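Please read the points below alongside the coordinates.

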Number of protein chains: 8
Amino acid sequence: MKPVVAILMGSDSDRTMMEEGAKILEQFGISCDVKVLSAHRSPKLVTEYVANAEKNGTKVFICGAGGAAHLAGVVAAQTILPVIGVPMESALGGVDSFVSTLQMPAGVPVATVAIGKTGAKNAAYLAIEILALSDSKLREKLREHKVEMEKAVREKNK
Amino acid sequence: MKPVVAILMGSDSDRTMMEEGAKILEQFGISCDVKVLSAHRSPKLVTEYVANAEKNGTKVFICGAGGAAHLAGVVAAQTILPVIGVPMESALGGVDSFVSTLQMPAGVPVATVAIGKTGAKNAAYLAIEILALSDSKLREKLREHKVEMEKAVREKNK
Amino acid sequence: MKPVVAILMGSDSDRTMMEEGAKILEQFGISCDVKVLSAHRSPKLVTEYVANAEKNGTKVFICGAGGAAHLAGVVAAQTILPVIGVPMESALGGVDSFVSTLQMPAGVPVATVAIGKTGAKNAAYLAIEILALSDSKLREKLREHKVEMEKAVREKNK
Amino acid sequence: MKPVVAILMGSDSDRTMMEEGAKILEQFGISCDVKVLSAHRSPKLVTEYVANAEKNGTKVFICGAGGAAHLAGVVAAQTILPVIGVPMESALGGVDSFVSTLQMPAGVPVATVAIGKTGAKNAAYLAIEILALSDSKLREKLREHKVEMEKAVREKNK
Amino acid sequence: MKPVVAILMGSDSDRTMMEEGAKILEQFGISCDVKVLSAHRSPKLVTEYVANAEKNGTKVFICGAGGAAHLAGVVAAQTILPVIGVPMESALGGVDSFVSTLQMPAGVPVATVAIGKTGAKNAAYLAIEILALSDSKLREKLREHKVEMEKAVREKNK
Amino acid sequence: MKPVVAILMGSDSDRTMMEEGAKILEQFGISCDVKVLSAHRSPKLVTEYVANAEKNGTKVFICGAGGAAHLAGVVAAQTILPVIGVPMESALGGVDSFVSTLQMPAGVPVATVAIGKTGAKNAAYLAIEILALSDSKLREKLREHKVEMEKAVREKNK
Amino acid sequence: MKPVVAILMGSDSDRTMMEEGAKILEQFGISCDVKVLSAHRSPKLVTEYVANAEKNGTKVFICGAGGAAHLAGVVAAQTILPVIGVPMESALGGVDSFVSTLQMPAGVPVATVAIGKTGAKNAAYLAIEILALSDSKLREKLREHKVEMEKAVREKNK
Amino acid sequence: MKPVVAILMGSDSDRTMMEEGAKILEQFGISCDVKVLSAHRSPKLVTEYVANAEKNGTKVFICGAGGAAHLAGVVAAQTILPVIGVPMESALGGVDSFVSTLQMPAGVPVATVAIGKTGAKNAAYLAIEILALSDSKLREKLREHKVEMEKAVREKNK
């Protein structure tokens with residue numbers, strides 16, 4: 001099965017975090033490809049990857065990076081597919097990561113989500129919401145997930 | 001034509017900014033509905049709007065708000081459609097607006113874009129990228145737009 | 001005894017902190033109800049809870065939440081009772097939590113207190129000060145508490 | 001009519017802002033006393049004022065101050081009445097004002113509201129919510145105000 | 001020997017830090033009094049202490065406090081002696097502590113030093129520099145200390 | 001009359017601000033020398049100035065600088081006299097100025113005061129408090145000034 | 001004359017600022033090429049430019065960009081020449097610009113200078129210092145410039 | 001072999017970090033001198049060192065310092081050689097360190113790199129890039145290093 005979502009990350013040290021998103025995609029039956037691809041240490045690999053991914057049917061990019069987090073922006077510069085940016089935690093608490101992911105110029109958006117593990121998960125949920133627009137089964141699963149979340153809260157108070 | 005994108009904003013004072021996004025959607029031939037709907041001063045209207053929008057074929061929400069910017073999060077809590085948050089400029093430079101838009105808990109993502117006018121535009125581009133996943137004409141227009149942006153840069157240097 | 005104060009929190013992980021406030025209310029003989037209620041994962045439960053609480057005699061809401069901390073604001077949007085917001089510690093040191101609690105628009109105030117455990121306690125003290133306005137015994141206890149605090153300082157220096 | 005709310009401010013330059021709150025109290029028929037009283041330049045006057053206010057039936061303090069904003073905290077140290085702090089805008093965007101208002105130690109709470117004019121207004125609304133707990137007419141007016149806010153939003157979209 | 005320097009701190013938990021300064025004063029042969037005195041929990045004790053200290057020959061106040069750090073400002077409001085403020089570390093990294101110590105209004109200065117242990121030490125050195133203005137032996141010791149610091153650096157590189 | 005206080009500033013553009021302090025010193029009858037001396041563009045002049053000032057009876061240095069504000073620290077490194085640092089306003093609101101003035105290492109204190117004009121004034125008041133320790137007339141004037149400040153507040157409320 | 005320094009900027013709106021640097025290079029007799037080249041809107045043009053520049057004898061890159069300022073990092077990823085990054089002022093005061101320029105991963109440095117106009121100038125001075133390492137005439141000019149800066153300070157005090 | 005790069009640091013506690021840079025220089029065959037030299041505790045030693053280094057053929061300075069990090073600026077004030085500043089981590093997450101390194105006035109640039117260990121490494125890489133401008137073997141090694149970095153990324157994904 002060709003991957004529908006590409007999960008890229010700037011460094012191997014981001015892998016544990018970013019795989020939180022991969023697990024959620026798997027639970028929703030969405031295939032994904034997880035790769036370490038640095039915008040700074042391997043810019044050509046990023047360019048190659050993005051070009052191939054588009055051809056092979058990737059529909060959404062999820063890019064996790066920290067510090068001067070350029071990966072999401074560099075991918076967004078080279079594709080017309082939606083790019084979701086996950087700012088990794090950093091020495092500055094992730095502030096550097098998220099402003100360098102968020103503050104993109106007009107015409108080249110990055111859909112930024114929360115810092116760290118929460119963001120890695122929410123990138124997956126956001127990708128699912130996007131894919132669900134043309135997939136009624138996925139929509140059904142998302143609705144169930146919303147019901148489950150509410151139920152879980154209800155359980156906590158019993 | 002039923003609106004495909006709903007552009008909501010917390011206050012009438014955000015209108016000039018948010019209409020920057022409406023113009024871009026229009027250029028790409030996407031119908032949208034622009035409404036002032038405060039999560040704090042009119043919570044029921046928000047709930048009604050979200051419920052109706054889903055039924056009437058809205059596919060993407062764009063929510064602009066400033067300060068304790070809860071609108072995008074409150075909408076995201078009530079829908080499984082993608083929600084894009086635009087943090088408005090504020091007394092704190094928009095810092096309050098974007099952290100309260102960005103830092104959503106796992107399971108309820110908001111796709112946050114840049115602060116202010118740039119973000120209002122990028123929310124529209126992001127919505128178009130999302131809608132283009134199942135619309136080849138829109139994809140073509142996005143590709144042309146990317147070529148145009150590069151051309152404009154090239155022109156600047158002549 | 002019907003709860004006079006409702007202590008709500010966005011996540012089960014906030015419970016230890018928020019129960020610091022419950023203990024203080026108990027010491028002052030004020031009944032309270034402690035519930036996990038997420039504005040994002042269970043918005044309807046929040047709406048139901050607020051509606052019922054008002055009917056059942058709740059007088060003050062204390063809402064603890066972190067990150068994009070919308071709980072206090074969402075409750076404040078639906079009640080005319082005083083709402084006290086406790087910003088939880090977070091990856092950003094609680095900065096996201098307190099600006100998204102504090103920066104509410106005109107007409108929908110949230111009484112924000114300090115970050116974390118200190119805030120959880122002070123939310124209780126603030127609730128007591130509010131309730132004491134129409135309860136002379138409570139006023140007496142507060143005066144004693146103020147005397148005790150001074151005594152404790154005096155003791156430290158012996 | 002003896003003032004029920006005391007609006008204090010650290011400097012004459014805060015007056016225009018703080019009077020926004022006085023106007024709202026007036027609209028709700030609540031008497032208030034507006035005074036410039038610096039915690040730093042006139043500490044004894046603050047002590048005198050607080051002692052007298054308590055005796056004369058003041059029920060809520062609203063204290064606006066900027067920079068090293070100590071006024072609310074200094075008042076809170078000397079009273080068991082609820083103290084609402086309004087952080088004024090400053091050279092640092094009001095960040096100094098609100099952290100020095102918000103981060104009070106356990107036992108001496110300050111109910112902090114938004115920065116600047118919005119905060120001055122919300123301090124008044126919060127005071128009204130507090131006073132309404134033992135005043136059914138005031139509750140009625142607050143309910144009407146909430147309905148009005150929603151109506152105003154509805155009007156904006158016509 | 002009557003204390004020449006008063007070292008005050010807002011909370012017992014600041015004691016280890018603040019005693020770093022006491023040690024340095026002792027090394028320079030300056031008597032000091034170390035007290036826990038909260039501006040918020042014991043405002044009258046602060047007022048009493050400041051009045052007595054002035055009478056008894058105290059020449060410099062050193063005040064350590066964290067969070068909404070009002071102690072130095074409250075002391076400065078009541079004395080014409082130099083007041084040195086030491087911002088304690090806090091949940092916000094000490095940012096709240098130092099802006100609420102530093103940003104005093106015109107006419108009521110606080111000499112703010114670095115956050116935490118370094119500040120506790122430098123408050124002592126600053127007090128010594130101030131006292132040395134009218135004490136030639138102290139000046140001599142300070143000169144020796146400066147030479148020693150340079151020597152220590154020189155040693156590090158051998 | 002030999003200057004007792006040296007007011008140094010990193011740039012000519014700081015002069016208007018720093019002269020606010022000179023005026024206050026003049027009102028208290030304290031002679032001062034006002035000089036533009038950049039730690040970065042004229043390090044030798046700074047070294048010469050500090051060496052001469054000590055010999056000629058200067059007792060307190062006031063150093064105003066912005067951005068990477070090193071002037072106060074560089075002066076403090078070369079003298080045992082008290083050095084007061086005034087952080088100038090900057091593109092970053094003065095945050096860069098004050099952390100680079102405040103966060104000095106142990107052994108080399110800088111007495112930091114508020115940002116900008118308020119700080120320029122308070123540097124003067126702090127210098128006066130320091131000089132007043134060995135000058136009873138100055139102490140008297142400071143006491144009168146404190147009384148005047150209180151009176152001014154009292155007048156505001158008439 | 002082939003350009004020795006390439007001054008690139010992310011947007012035409014940065015031109016006035018960045019030309020401050022061009023003027024300084026000109027004064028030192030260093031040829032430079034000034035181009036608008038967005039890392040996000042024209043990534044291929046950046047790649048082409050960097051490849052050609054290296055072949056044509058460019059020795060230093062100066063890259064100005066604001067917001068999610070990726071230009072310097074993207075250039076650094078593709079060259080082994082020194083890259084100097086100038087963070088432009090932004091809605092967030094330039095904080096986003098400089099952290100996304102500064103916080104590069106190990107192996108791909110960007111020499112970051114001050115925000116805005118000062119940085120644009122200092123980027124030029126830094127480039128000159130670098131080029132002067134193998135150009136004794138340039139070294140002489142830099143020494144003269146240092147003397148001139150000191151002289152200018154001396155003049156200010158006459 | 002005379003040192004080509006001088007690695008200076010403000011405190012012995014920075015040594016482990018700064019030696020990361022020394023290792024990299026060694027790998028590239030560049031001699032360096034590592035010294036602890038505080039701008040504040042040993043200003044004369046800094047002046048002496050800089051004067052001698054220039055005479056003895058040092059070409060690049062790398063200066064690591066934390067807090068009010070003046071070392072790089074103080075060195076830059078006394079040399080026309082390129083100065084690279086490494087902001088050390090601090091109680092404020094390194095924010096104080098990097099703004100006091102970065103925000104230098106026009107005419108006296110400091111090439112600032114990332115905070116902490118990453119910065120210590122990148123200072124070395126930047127120095128190598130600078131030295132490689134007149135050393136073709138070094139250029140070759142840098143190109144190999146770039147290839148190696150890409151290869152390492154490629155390996156991670158196998």
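The numbered points below concern a predicted model.

1. The contact between chain C and chain D draws 42 residues from chain C and 42 residues from chain D. The area buried between them is about 3,300 Å², and carbon and sulfur atoms give 68% of that area. On the side of chain C, C:Ile80, C:Pro109 and C:Leu133 lose the most area to chain D, together accounting for 21% of what that side buries.

2. As to polar interactions between chain C and chain D, 13 residue pairs are in polar contact, both residues being at pLDDT 80 or more, while the count of salt bridges is zero.

3. Several elements of chain C, namely α4 (95–102), β5 (111–112), α5 (116–132) and α6 (136–156), each supply at least two residues of the side that touches chain D. The largest share, seven residues, comes from α5(C). By class, this side of chain C has 26 nonpolar, nine polar and seven charged residues.

4. Over all chains, the aromatic pairs number twelve. In one of them, B:Phe28 and B:Tyr125 have ring centres 6.2 Å apart and planes at 90 degrees, so the pair is edge-to-face. B:Phe28 lies in the loop between α1 (15–27) and β2 (32–36) of chain B and B:Tyr125 in helix α5 (residues 116–132) of chain B, so the pair ties together parts 97 residues apart in sequence. Both residues are buried.

5. E:Phe98 and F:Phe98 also form an edge-to-face pair, with 5.2 Å centre to centre and 75 degrees between the planes. Each residue lies in helix α4 (residues 95–102) of its own chain, E or F, so the pair joins two chains. Both E:Phe98 and F:Phe98 are buried.

How values were computed
Residues numbered from 1 in each chain as written. Chains lettered and ligands numbered in written order. Predicted model: local features only at pLDDT ≥ 70, side-chain atom pairs only at ≥ 80, totals over all residues. Heavy atoms only, no water. Contact = heavy atoms within 4.5 Å. Buried area = accessible area lost by both parts, 1.4 Å probe. Salt bridge = Lys/Arg side-chain N within 4 Å of Asp/Glu carboxyl O. Polar contact = N/O pair within 3.5 Å; in protein donor to acceptor, adjacent residues only side chain to side chain. Helix = DSSP H or I, 4+ residues; strand = E, 2+ residues; numbered from the N terminus. Nonpolar A, V, L, I, M, F, W, Y, C, P; charged D, E, K, R; others polar. Phe/Tyr/Trp six-rings, centres within 6.5 Å; stacked < 30°, edge-to-face > 60°. Buried < 20%, exposed > 50% of the residue type's maximum accessible area, 1.4 Å probe, protein only.
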